[in-house]
Amino acid sequence: MERVRVGVGVLVACFFALSFVAHSILGWGAVQGELTEANTPAALVLPIGIAWRLGGAAMLIFGGIVAQAFLARARKEPVSMFAPAPVGAGYLAYGAWAWVASGFEPFFLILFVIPGALLALACTR
């Protein structure tokens, strides 16, 4: 069972890193285009872009934290789940809220609820 938990943890870490690419590189281009098309003032687009990229950076950082913990666990090193567990709980809580608030848009279920739940389960002993 430990190997499954480690595998799930590493898989979720990779998913977070890929989410960074999709969010910050591909996603921002689409959002910026929509904002431009809506004639959003540049003074508003800049802070939205900065915050958007912070979200992407957080995804990459969370992926690194989770990967480090689960790779150490795979090497049978003593490692605390103090850092990855709240990442999983945060993704799960945010995703559940966003899923409900969006009228049950599957996007939030797939990108936040499921990875958060899997990570939370993988952090158990």
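Phe62 lies in helix α2, which covers residues 42–74. As with everything below, this comes from a predicted model. Leaving aside residues up to four places away in sequence, Phe62 touches Phe16, Val87 and Tyr91. Two of these partners turn up again in the helix α3 side of a contact discussed below, namely Val87 and Tyr91, while Phe16 sits in α1. Gly95 is another story: 33 residues separate Phe62 from Gly95 in sequence, and their C-alpha atoms are 15 Å apart in space.

Next comes the helix packing. Two packed helices are described by the angle between their axes and the distance between the axes. For helix α3 (residues 84–101) and α4, the axes come within 7 Å and cross at roughly 150°. With over 145 degrees as the cut-off, α3 and α4 are therefore roughly antiparallel to each other. The crossing in which α3 passes α4 is left-handed. On the α3 side, the contact is made by Pro84, Val87, Gly88, Tyr91, Leu92, Tyr94, Gly95, Ala96, Ala98 and Trp99. Facing them from α4 are Pro106, Phe108, Leu109, Leu111, Phe112, Val113, Gly116, Ala117, Leu119 and Ala120. Sorted by class, this contact holds 17 nonpolar and three polar residues, with no charged ones.

Helix α4 (residues 106–122) also packs with helix α1 (residues 2–37). Here the axes come within 9 Å, and the crossing angle is roughly 150°. The pass of α1 by α4 is a left-handed crossing. From α1, the residues involved are Arg5, Val8, Gly9, Val12, Phe15 and Phe16. These meet Ile110, Leu111, Pro115, Leu118, Leu119, Leu121 and Ala122 in α4. The class count for α1 with α4 comes to 11 nonpolar residues, one polar and one charged. Leu111 and Leu119 are named on the α4 side here, and both are also listed for α4 in the contact with α3.

Last up is Ile25, which has its place in helix α1 as well. Its relative accessible area is 55%, over the 50% cut-off, so Ile25 is exposed. Between Ile25 and Trp99 there are 74 residues of sequence separation, and the C-alpha to C-alpha distance is 23 Å. Trp99 itself is one of the α3 residues in the contact with α4.

Terms used: Residues are numbered from 1 along each chain as its sequence is written. This is a predicted model: local features need pLDDT of at least 70, side-chain atom pairs count only at pLDDT 80 or more; totals for chains, interfaces and linings use all residues. Side-chain values use heavy atoms; hydrogens and water are left out. Axes are lines fitted to C-alpha atoms, for helices over the stretch in contact, and angles run from 0 to 180 degrees between N-to-C directions. Helices (H or I, at least four residues) and strands (E, at least two) are DSSP runs, numbered from the N terminus. A crossing is left-handed if the near helix is turned anticlockwise from the far one by less than a right angle, and right-handed if clockwise. Contact means heavy atoms within 4.5 Å. Ala, Val, Leu, Ile, Met, Phe, Trp, Tyr, Cys and Pro count as nonpolar, Asp, Glu, Lys and Arg as charged, and the others, Gly among them, as polar. Angles under 35 degrees count as roughly parallel, over 145 as roughly antiparallel, 65 to 115 as roughly perpendicular and the rest as oblique. Buried means under 20% relative accessible area, exposed over 50%, partly exposed in between (1.4 Å probe, protein chains only).
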